[in-house]
Amino acid sequence: MSNIKRVLSMLLLLVVVPATVILSYTLFDNNRYDISSLVIAVVSTLAVVLRFEKSKSNGKLIAVIAVMTALSVAGRFIFSPLPFFKPVTSIVVITALYFGSECGFITGAFSALLSNFYFGQGPWTPFQMMVWGLIGLLSGLLAKYIV
């Protein structure tokens, strides 16, 4: 991927997503969390699309991200009776380590969004999407230096 697309992708994830959360919190007074959730989902998807635009393994990698997101959501459902044990973070980190920071971000953001259809959407959903997404993003960025 070219450097411009990589920088634009990181800019979307590191600047636009937190700005969306902050602006939606201050402008909408927690009454329109659905708008900020939608914006975060679209921005994170756009960042991943920038990465996959010229890739040959496009469909395979998207399928793997979908499976990892589904495993993360299922893990959150299955272990919901146990307090303080949610495998979402570990699955997001594993995805980011093996498939890159953008894949980790989208797995984290969509895991929060999709699992909250069961647990309940609320003003916390954009924050969960942002934090789990940033965990994936930072895990993928730090993997280059650690591994």
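Predicted model: local features only at pLDDT ≥ 70, side-chain atom pairs only at ≥ 80, totals over all residues.
Q: How many residues does α3 have, and how far does it reach?
A: Helix α3 covers residues 58-78, which is 21 residues. From its first C-alpha to its last it reaches 30 Å, close to the 30 Å expected at 1.5 Å a residue.

Q: Which residues of α3 are buried?
A: They are Leu61, Ile65, Met68, Thr69, Ser72, Val73, Gly75 and Arg76.

Q: At what angle do the axes of α3 and α5 cross?
A: The axes of α3 and α5 (residues 101-119) cross at roughly 40 degrees and come within 9 Å. That angle makes α3 oblique to α5.

Q: Is the crossing left-handed or right-handed?
A: The crossing of α3 past α5 is right-handed.

Q: Which residues meet there?
A: From α3, the residues in contact include Leu61, Ile65, Met68 and Phe77. Among their counterparts in α5 are Ile106, Phe110, Leu114 and Tyr118.

Q: Changing topic, where does Phe84 lie, and what is its phi?
A: Phe84 lies in the loop between α3 and α4 (88-99). Its phi is positive, about 65 degrees, although Phe84 is not a glycine. Most residues other than glycine have a negative phi.

Q: Is Phe84 buried or exposed?
A: Phe84 is exposed, because its relative accessible area is 87% and the cut-off for exposed is over 50%.

Note on methods:
Residues numbered from 1 in each chain as written. Heavy atoms only, no water. Helix = DSSP H or I, 4+ residues; strand = E, 2+ residues; numbered from the N terminus. Expected span 1.5 Å × (residues − 1). Buried < 20%, exposed > 50% of the residue type's maximum accessible area, 1.4 Å probe, protein only. Axes fitted to C-alpha atoms, helices over the stretch in contact; angles between N-to-C directions. Parallel < 35°, antiparallel > 145°, perpendicular 65-115°, else oblique. Left-handed = near helix turned anticlockwise from the far one by under 90°. Contact = heavy atoms within 4.5 Å.
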